[in-house]
Amino acid sequence: MRTPPPRFLRASGRSLLLVGALGVARAAPVPAPLDFGRDILPILSNNCFHCHGPDDAERKGKLRLDTHAGALGAGKSGLTAVVPGQTAASELIQRITSPHDDEVMPPRDAKEKLSAKQLALLTRWVEQGAPWGNFWAFEPPTRPAVPKIANPQSPIGNPIDAFVLARLAQENLAPSPAADRRTLIRRLSLDLTGLPPDLATVDAFVRDTRPDAYERLVDTLLDSPHFGERWGRHWLDLARFADSAGYLNDTLRPYAYLYRDWVIDAVNRDVPFDRFTVEQLAGDLLPNATLDQKIATGFHRNSLKNDEAGADLELDRSKAAVDRTATTGAVWLGLTVGCAECHTHKYDPLSHREFYQLYSFFNSTAERDVPAPRPDELADYQRKLATWEKERDRLEAPLRDHVATLVGPPSAAWEASLSRPAERWTVLTPDEITTITEDDERIGSPNPDHSFTTGARDPVRTRYVVKSPAEARAVTGLRLEALADLGGKAGRARSGDFHLAEFSAMLKTPDGAQHKLEFAHARADFETKSAPAKGTLDGDNTTGWSITGRTDATHVIVFELKSPRDFPAGSQLYVELEHRITGVLTRFRLATTTGALPLTPDPRPDELVAILDLPAALRTSDQALAVARHVARFFDEPGKKLLAPLATHYAKQPEFPKTAAPILVAHERKTRIHLRGEYQQPGDEVEPGTPAVLPPLQRRGPRADRLDLARWLVDPANPLTARVTVNHIWQHLFGRGLVATVDNFGLLGEPPSHPELFDYLATEFVRLGWSRKKLIRLLVTSATYRQSSVLRADLQERDPQNTLLARQSRQRLEAEVVRDVFLASSGLLNRRIGGPSIYPALPAFVLAFGRNKSWPETTGPEKYRRGLYIHLRRNVPYPMLATFDASDASLACLRRERSNSPLQALTLLNDPVFVECHETLGLQLAARPADTSVAARLAHAFALCLSRPPTAAEAAAMQRHFDDQLQLAQGDRKLAFVAAARLIMNLDEFITRE
Amino acid sequence: MHDSVSFSSRRKFLMQACGGVGGLALSHLLGQDGLLAAPASAGGVVRPGRTHHQARAKNIIYIYLEGGPSQMDLYDPKPVLNQLDGQALPESMLKNMRFAFLAKESARIMGTPRTFKKHGQCGMELSDLLPHIGSIADDICLVRSMHTDQFNHVPGQLLMNTGSAISGRPSMGSWLSYGLGSGGKNLPEFVVLICVGRGVPGGSASWASGFLPSKYSGVMFRNEGAPVLNLDNPSGFTAAMQGRNIRGVAELNALRHAEVRDPEIDSRIAAYELAFRMQSAAPELMDLSGESQATLDLYGVNRTEPKIEGGNQLGGTGLFGTFARNCLMARRLVERGTRVVQVIHASWDHHSRINTDLPHNCLMADQPIAALVKDLKQRGMLEDTLVICGSEFGRTALGENRPGQRAVTGRDHHPNAFSLWLAGGGIKGGQVVGETDDIAWNVTKDPIHVHDLHATILHQFGFDHTKLTYRFQGRDYRLTDVHGHVVKKLLA
């Protein structure tokens with residue numbers, strides 16, 4: 001065993017590099033000391049753990065190799081797998097090297113086979129005493145010393161370069177020279193903003209002789225508001241963001257964009273990644289959570305939802321919680337957490353139970369939509385409201401004068417004619433009201449007066465379940481008020497009617513017992529022959545109560561209990577209102593009474609009844625006016641006349657903006673393990689918790705919640721989050737991650753190519769306060785980033801994947817950015833940031849195959865907005881984006897493919913959006929001053945598109961192309977220039993970041 | 001990782017053999033060999049054109065009748081059904097059953113007006129709605145014992161077409177194109193032909209490539225005009241100008257390649273050439289003038305469609321011609337090198353009006369489907385072309401009494417037992433596999449799960465379904481997840 005001679009290497013680095021570069025000879029590889037976590041564990045996990053790993057159910061021969069004790073102990077055969085230092089006594093070595101088919105491991109029919117190198121490594125490991133250790137990714141990163149490089153081959157921009165150069169020196173490879181300035185500014189602009197630099201900016205940068213010209217450019221681009229769009233879009237891939245719910249109905253999510261806007265804004269404000277995390281996973285649980293922090297929880301509202309009629313709602317809810325669990329694991333921990341949904345993870349230390357402990361955080365979560373009007377909508381609403389109020393006041397004045405005349409004797413006369421209800425009602429104060437339709441189940445909140453306003457578009461077959469605390473002795477009945485506001489109707493049918501099919505109630509006492517309340521009678525203040533009140537209690541949901549002909553007033557129905565019942569303190573009352581035909585109630589409120597039977601259905605508001613209870617002399621003037629107003633409204637002809645225009649006016653009250661943010665809220669639920677991943681097969685109950693292999697979770701209360709989980713993820717003690725995030729960011733700037741398997745930091749993943757650099761960056765990220773911008777600044781100012789991406793002959797052979805970073809990587813642009821460079825280079829781009837998604841024109845046949853066919857085409861300047869604003873409908877992906885490998889938003893997309901296909905060629909050549917770009921640029925060329933030569937025009941377009949002038953050969957080729965096209969176009973110069981633009985915009989370089 | 005390395009060294013070998021720089025011959029060679037567009041970044045394992053064993057099938061035409069056609073009205077004769085008409089099912093058979101719509105407490109068995117007759121030498125019993133398919137009975141293998149896990153359309157379709165009820169997995173066609181890895185011809189490898197009718201609930205998920213590179217995705221062809229999106233040049237651009245443009249792009253790209261030496265540029269050049277070839281191949285494909293009148297009549301391309309009272313609620317009307325043309329187009333595609341064709345029609349989801357809408361759908365589909373099998377056979381193409389006709393599940397023996405519905409005129413979704421058939425591509429025709437109980441409720445013999453069907457299909461293409469994998473998010477995914485057995489009974 002030789003040790004590496006670093007001194008020698010350093011001294012002779014230069015000559016070795018030259019030899020390596022010429023490919024004539026290469027220095028013999030120096031065996032590095034074995035590192036268990038890096039060298040041995042991945043072999044064991046990949047090849048052995050399936051049968052000899054953490055999963056008890058799959059274990060063969062009673063042997064487990066994922067623990068030290070297991071490896072050193074005896075299996076079922078009695079033989080010992082690993083005897084340190086003795087390969088002959090180690091059954092593991094004997095079996096993996098066995099020539100016999102029935103003995104050899106892994107078995108002959110296994111998918112994996114050990115390579116000669118792996119066999120040698122395992123043998124050497126046993127020889128070296130079989131040292132054990134932990135897997136690198138589960139150990140916290142430690143900050144390594146920055147290597148010192150003598151005679152570096154390229155400038156050391158920052159510590160990144162020291163690590164990279166040290167590694168290259170080991171491999172006898174030289175780094176590549178820096179890219180030229182035009183390439184650099186184009187690369188940097190595309191990487192940081194997703195937009196190409198304009199010509200003037202390129203020229204200014206090329207001429208900028210200040211020593212920190214590059215750093216200044218970096219800062220300018222980091223400050224650009226388009227930075228948030230570019231890096232926000234990267235994040236949206238992880239968030240599986242889309243504008244529809246998927247599955248059969250693919251229901252649109254018209255306000256999903258609020259979350260996209262939040263992301264863009266948070267990235268632009270450089271919200272530190274720890275806060276960025278906490279707000280998205282648990283913004284709703286933060287003390288005094290702001291609307292913005294709640295909108296951030298939209299991250300997990302991007303799960304798919306199956307609202308197909310007849311679908312299993314509980315299954316779908318549980319699948320959404322599984323998705324949220326798996327996505328959280330993939331995005332923050334880089335682990336394939338989802339593998340443990342059905343069984344203990346085959347490779348990583350994550351048990352089936354631990355999966356459901358994580359799941360429990362998301363199981364105890366519900367979905368809400370909260371009003372979130374945009375500032376422009378709000379301003380518009382307030383303007384309309386002010387106008388409306390002014391008109392209301394104008395109409396009110398004569399009424400008010402008239403009402404004043406009714407105070408006193410006229411009211412008293414009316415009052416004298418009244419019979420007064422004996423009972424008094426206590427209004428229920430519900431916590432939540434669940435709206436259940438065939439397609440959906442959602443939870444809503446009551447109004448301040450404890451009434452509930454149903455959804456304007458709730459279908460006729462909707463059930464409302466009201467959950468309310470209740471405490472009273474000897475309750476005799478319940479009352480339901482079907483409220484009609486002035487100018488409004490009591491029901492949502494077009495006629496203003498409703499049909500309450502069934503009314504039922506259940507009392508849950510503090511001991512957990514559930515008692516169905518039995519009603520004897522239902523009585524309404526008004527009913528029709530065909531739809532009487534009693535129909536609500538007969539168990540037949542085709543019969544019920546309606547108010548046909550009297551829809552513009554509040555009506556009341558009372559339900560008498562068969563016998564009085566106590567509601568002990570701490571009880572919950574659940575009342576269910578089932579609708580079936582005609583329409584649902586518009587707004588309703590519930591109350592209980594202990595009054596004597598029979599109960600009176602009295603539509604007069606409680607407030608009025610309370611005033612009537614007072615002797616006239618004791619009433620305030622406001623109370624007296626309230627009584628007079630009631631008289632004017634219902635019992636006084638002149639009053640009714642004055643009220644009529646007011647009622648019409650109330651019907652025209654401006655609506656509050658509908659924009660509502662999809663967010664998460666806490667909703668306690670018990671979690672049981674789903675045996676084999678099936679929710680209908682519940683196993684043990686589990687509490688929220690995190691995997692034992694990672695540092696312990698700190699919880700604020702008796703039961704951990706999402707906020708605890710989020711804070712645990714971004715605790716610097718967590719070995720994964722900073723590493724995983726640094727890797728995501730690195731990948732976008734260098735083409736691949738330092739851990740190439742960006743989606744897997746587990747045992748089946750690849751080890752980091754530069755472990756010390758990786759840990760340096762992970763610790764540095766935390767030290768920089770989790771600042772995305774500062775980390776990116778560090779990365780892009782390195783000499784490593786600035787290298788040329790030319791594929792050197794030696795690298796093509798030695799390192800085609802560019803693992804060693806001896807050059808930059810040349811990358812095709814992402815789908816959205818392909819669109820952006822077209823629009824930007826032709827001058828069509830609309831740079832407005834944020835807001836609702838756009839619908840660029842689509843051929844009808846693309847939409848025709850889906851069930852959701854509406855596509856309100858965007859016109860005018862809006863249609864030239866950036867690719868990230870295109871409406872993403874899961875079942876009908878926008879063809880151009882799909883063709884260029886955009887994420888399909890079904891799962892978190894941690895790494896996009898970069899395919900290269902004929903359909904891409906057809907898209908760039910003939911997609912109407914791009915054709916318009918060719919034309920626009922071509923016509924600009926044709927319209928340049930008459931004395932401009934064709935060559936100059938072509939060179940101008942070339943520079944506009946590629947940020948560099950053409951070479952002589954390129955210029956000549958373009959000229960030949962132009963001449964030929966001019967001839968083919970029979971002298972149509974405009975068409976020939978469009979053809980030239982079409983040529984340049986179809987070059988590989990145009991859609992590539994070099 | 002292992003395979004990626006050998007892949008890149010293969011490409012490297014080709015590069016060297018061809019002299020390196022951006023030659024068109026090189027890109028052509030790469031294209032034909034299926035090496036184009038392999039992901040340059042780390043990720044899944046690409047196995048271009050490498051099978052695990054001798055393939056029996058080279059092509060697949062997959063006719064997908066969306067919605068769940070009724071097996072007891074088409075494929076699985078159940079005389080007992082009419083005797084039990086109007087009776088309830090025993091509680092034991094309903095326990096643990098879940099339905100999309102029907103109320104199981106009050107549902108009653110519904111008989112069928114259909115009559116069944118024996119066909120072919122094998123004596124396969126088929127419904128009076130399928131006379132033409134009856135005429136190919138000796139070529140098809142009818143499976144009466146299919147079963148699935150899903151009773152809603154989208155999850156059912158996802159399972160049937162992607163092997164998983166969860167969105168985001170590659171479709172079966174994508175797995176096949178990935179495994180076959182040929183490409184480089186004049187038409188896409190995987191083409192989807194749709195007869196829209198009511199619309200396909202799962203949208204493009206049934207032919208999408210999921211986490212596989214997008215080039216393995218099915219390409220939806222339009223039924224008229226230019227079949228592929230963006231196939232037509234902008235107005236004013238003649239074919240000659242387009243050709244000159246493609247040449248110019250190649251020329252300038254080659255110059256850039258000489259500078260930066262990125263092999264992706266070669267792929268780009270080849271992709272443009274292929275796109276250009278596709279521009280002339282696709283219109284040729286769509287042009288039926290070369291087909292004989294006999295062939296057109298066989299498929300019934302110009303049939304007149306009978307009127308249906310109240311219109312066809314689900315399958316749509318006016319589609320007789322389109323469906324027939326799509327079946328013919330499937331053969332023409334396979335002839336021209338496309339390996340995977342999916343012919344889709346929606347819908348067969350007969351919750352109501354089953355006795356008017358189902359016959360109409362059958363009248364549309366029966367003749368062209370049978371014609372396709374006959375035509376393939378005549379031309380000697382059936383041997384290596386696997387034809388499948390199926391859906392995501394079957395229908396209930398119980399009539400659907402969905403609350404609020406006025407009359408019981410249809411059947412609900414039924415995952416426990418359903419029928420489909422296969423032909424060609426090494427499948428043993430003239431046989432019926434599997435049996436169900438007296439009311440086609442449960443499978444009583446030779447159950448075949450969707451995963452088993454997938455395993456068998458891959459097997460016919462020379463793939464071991466446990467070994468055709470792609471690594472994504474740290475896991476080796478396969479079409480059959482962790483399930484599936486090749487059903488030897490189906491094979492010749």
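**A walk through a two-chain model**

Helix 8 of chain B, residues 172-180, is largely enclosed by the rest of the structure, because 9 of its 9 residues are buried. Keep in mind that this is a predicted model. The buried residues run from M172(B) and G173(B) through S174(B), W175(B), L176(B), S177(B) and Y178(B) to G179(B) and L180(B). What lies over them? The cover includes two helices of chain B, helix 7 and helix 14 (450-460). It also includes strand 1 (59-66), strand 5 (190-195), strand 7 (340-346) and strand 16 (470-472) of chain B. Just past the end of helix 8 of chain B comes G181(B), with a positive phi of about 50°.

Now step back to the whole of chain B. It has 14 helices and 17 strands. Of its 492 residues, 61% count as buried. Look next at contacts in chain B between residues at least 6 apart in sequence: 77% of them join residues at least 24 apart.

One residue of chain B deserves a stop. A440(B) sits in the loop between strand 13 (435-436) and strand 14 (443-445) of chain B. Its phi is near 55°, a positive value, and A440(B) is not a glycine. Most residues other than glycine have a negative phi. Is A440(B) buried or exposed? A440(B) counts as buried, because it has 28 C-beta neighbours inside 10 Å and the cut-off for buried is 20 or more.

Chain B also touches chain A. In this contact, 68 residues of chain B meet 80 residues of chain A. Three elements of chain B give two or more residues each to its side: helix 7 (153-162), helix 9 (239-260) and helix 10 (263-286). Which gives the most? Helix 9 of chain B does, with 13 residues. By class, the chain B side has 32 nonpolar, 22 polar and 14 charged residues.

Cross over to chain A and find two helices. Two packed helices are described by the angle between their axes and the distance between the axes. Take helix 12 (residues 225-238) and helix 13 (residues 257-268) of chain A: their axes come within 7 Å and cross at roughly 120°. Helix 12 and helix 13 of chain A are therefore oblique to each other. The crossing is right-handed. Helix 12 of chain A brings P225(A), F227(A), G228(A), E229(A), W231(A), G232(A), W235(A) and L236(A) to the contact. Helix 13 of chain A answers with R260(A), V263(A), I264(A), D265(A), V267(A) and N268(A). Together these residues divide into 8 nonpolar, 3 polar and 3 charged.

The loop between helix 12 and helix 13 of chain A holds D250(A). D250(A) has a positive phi of about 45°, although it is not a glycine. D250(A) counts as buried, because 25 C-beta neighbours lie inside 10 Å.

Move along to L286(A), in the loop between helix 14 (273-282) and helix 15 (291-296) of chain A. L286(A) is partly exposed, with 16 other C-beta atoms within 10 Å. Which residues does L286(A) touch, leaving aside neighbours within four places in sequence? They are Q293(A) and L707(A). L286(A) and S364(A) are 78 residues apart in sequence, and their C-alpha atoms are 16 Å apart in space.

Next come the strands of chain A. Strand 7 (residues 500-508) pairs with strand 10 (residues 555-579) of chain A in the antiparallel sense, over 8 bridges. Here E502(A) has E578(A) as its bridge partner. Strand 7 of chain A also pairs with strand 8 (residues 514-516), again antiparallel, over 3 bridges. M506(A) is bridged to K516(A) in strand 8 of chain A. Strand 7 and strand 8 of chain A form a hairpin with 5 residues between the strands, and G512(A) takes a positive phi near 90° there.

Finish with two peptide bonds. Most peptide bonds are trans. The bond from M105(A) to P106(A) is cis, with omega near -10°. P106(A) is in the loop between helix 6 (91-96) and helix 7 (116-127) of chain A. A cis bond also joins L597(A) and P598(A), with omega about -5°. P598(A) is in the loop between strand 11 (587-593) and helix 20 (606-613) of chain A.

Definitions and conventions. Residues numbered from 1 in each chain as written. Chains lettered and ligands numbered in written order. Predicted model: local features only at pLDDT ≥ 70, side-chain atom pairs only at ≥ 80, totals over all residues. Contact = placed C-beta atoms within 7 Å. Helix = DSSP H or I, 4+ residues; strand = E, 2+ residues; numbered from the N terminus. Nonpolar A, V, L, I, M, F, W, Y, C, P; charged D, E, K, R; others polar. Pairing = 2+ DSSP bridges. Axes fitted to C-alpha atoms, helices over the stretch in contact; angles between N-to-C directions. Parallel < 35°, antiparallel > 145°, perpendicular 65-115°, else oblique. Left-handed = near helix turned anticlockwise from the far one by under 90°. Buried ≥ 20, exposed ≤ 12 C-beta atoms within 10 Å, placed from the backbone.
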